[in-house]
Amino acid sequence: MERTTVTGATAGTAHEVLTNWAGNYTYRAARLHHPATVDEIRALVAGAARVKVLGSRHSFNAVADTTGDLLSLEHMDRVLDIDGERQTVTVEGGIRYGTLARALSDAGYALHNLASLPHISVAGACATGTHGSGDGNANLATAVAAIEFVTATGDLVTLARERDGDTFRGAVVALGGLGVVTRLTLDVHPAYDIVQHVYEDVPLADLEGGLDDVLGSAYSVSVFTRWTGPRVDQIWLKRRPTPEWSGYGDWSLPTALRGATPASDHRHPILGISPVHCTAQLGVAGPWHDRLPHFRLDYTPSSGAELQTDYLVPREHARAALRAVDALRERIAPLLLVSELRTVAADDLWMSPCYRRDCLSIHFTWKPDGAAVRALLPTIEAALAPFRARPHWGKLFTVAPARIAGFYERLPDFRDLLAAYDPAGKFRNAFLDRYIGRAA
């Protein structure tokens with residue numbers, strides 16, 4: 001499909017076929033714009049019939065697509081202000097986490113958490129409720145203290161946590177439905193180091209028996225498995241070292257890991273792949289932004305030839321949910337590259353998959369066989385249905401819209417919020433119409 005690409009207000013045109021990062025989705029939009037200022041965005045939005053924002057294209061479904069105009073904010077990626085007194089940073093809507101993290105670290109600050117990939121856009125990750133890992137770490141959107149966006153009429157609106165309360169909590173994880181996010185203000189913290197250790201070949205029964213101890217044993221914990229048998233491949237522990245820390249033996253391990261083998265070299269989450277793209281392990285302390293992600297900013301972690309699914313299960317159902325997935329191992333394993341288990345703390349953002357409940361994330365990275373994966377997902381979703389597993393908004397899922405509606409108690413209020421800022425549905429698309437619906 002050909003598409004017109006427009007850069008700035010006076011640029012010429014070029015034709016391209018635009019796909020997402022994984023290559024499994026081709027965007028339908030007629031035009032792709034690259035505005036460089038807020039005024040350009042306001043003019044584009046005011047004159048368009050349908051608009052969506054294209055982030056880093058790391059979604060696996062149609063959440064960011066439109067039949068009208070796509071806006072890329074890649075030219076609006078600056079850090080605008082670091083406020084040491086308020087402990088905040090204000091950024092433009094197109095910035096990516098890796099760029100922001102380096103600027104913050106240079107100034108002596110940090111974010112509370114990062115996702116596996118530092119290459120994703122801040123606005124896109126927040127809009128879809130993307131998360132990192134850690135019992136005490138809520139999703140990335142919970143760092144948002146204020147949000148500025150262009151509405152359907154081209155007006156500029158700012159909502160702030162301290163001033164706008166409930167409306168703000170509905171606007172942060174908004175799936176691109178409120179408008180074009182031009183600025184975000186995020187909470188920051190003093191910079192910190194992280195030490196990363198990897199343990200291998202852990203019996204699944206030991207992990208299940210000591211699940212809470214293992215998942216709570218570090219600042220961020222990731223469990224990697226291929227669901228091929230009674231053992232998990234790796235457990236990555238990311239800890240914040242104390243001044244007294246000096247090496248592996250300084251931390252007591254959960255019982256489930258005491259028989260595990262410490263990795264003797266750097267590891268990739270997928271067995272057999274070179275770890276050259278991965279962040280440093282083996283207990284070497286480093287800045288938060290060089291350890292919390294699994295992959296380094298200065299490398300592309302893969303070609304994108306993979307598909308992803310992520311289900312968020314209430315923490316109290318974690319063991320039962322893992323048993324339900326393990327019962328499907330013979331069907332899952334042939335299509336899987338790797339599965340990652342992480343925890344996420346509860347939040348109060350209306351459309352967050354972790355709204356008012358601590359969660360276990362059960363994430364699948366699939367081989368690029370879209371037809372086979374889509375055929376399998378209903379079986380996995382049926383197995384997780386008793387636990388009210390909410391799918392990640394930006395990943396592949398087949399959960400029925402009526403069931404999605406039952407997961408979110410503030411969905412009616414969210415519909416009303418979208419209607420208030422976008423009564424004609426300029427920022428809506430087929431995805432929002434299907435899973436969110438319209439205000440009554």
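Let's start inside. This is a predicted model. Look at the lining of its largest cavity: by class, 6 residues are nonpolar, 3 are polar and 3 are charged.

Now the pockets. The lining includes Asp 81, Asp 83, Arg 86, Thr 88 and Thr 90. Ala 145, Ala 146, Ala 160, Arg 161 and Glu 162 also line this pocket, along with Thr 185 and Asp 187. Which elements give two or more residues to that lining? They are β5 (79-83), β6 (88-92), β8 (144-150), α4 and β10 (180-187). By class, the second largest pocket has 3 nonpolar, 3 polar and 6 charged lining residues.

Keep α4 in view. Helix α4 covers residues 161-171, and it packs with helix α11, residues 411-421. The angle is about 95 degrees, and the axes are 10 Å apart. Therefore α4 is roughly perpendicular to α11. Who makes the contact? On the α4 side, Thr 167, Gly 170 and Ala 171. On the α11 side, Phe 414, Leu 417 and Tyr 421. By class, that contact has 4 nonpolar residues, 2 polar ones and no charged ones.

Last, the whole chain. How many helices and strands does the protein chain have? There are 12 helices and 20 strands. The radius of gyration is 21 Å, close to the 22 Å that the globule rule gives for 440 residues, so the chain is as compact as a globular protein of that length. Along the principal axes, the C-alpha atoms fill a box of roughly 65 × 50 × 40 Å.

That's the tour. Over to you.

Terms used: Residues numbered from 1 in each chain as written. Predicted model: local features only at pLDDT ≥ 70, side-chain atom pairs only at ≥ 80, totals over all residues. Heavy atoms only, no water. Nonpolar A, V, L, I, M, F, W, Y, C, P; charged D, E, K, R; others polar. Axes fitted to C-alpha atoms, helices over the stretch in contact; angles between N-to-C directions. Helix = DSSP H or I, 4+ residues; strand = E, 2+ residues; numbered from the N terminus. Parallel < 35°, antiparallel > 145°, perpendicular 65-115°, else oblique. Contact = heavy atoms within 4.5 Å. Rg over C-alpha atoms; globule rule 2.2 N^0.38 Å. 1 Å grid on protein atoms, 1.4 Å probe; cavity = no way out; pocket = protein on both sides within 12 Å on 5 of 7 lines; lining within 4 Å.
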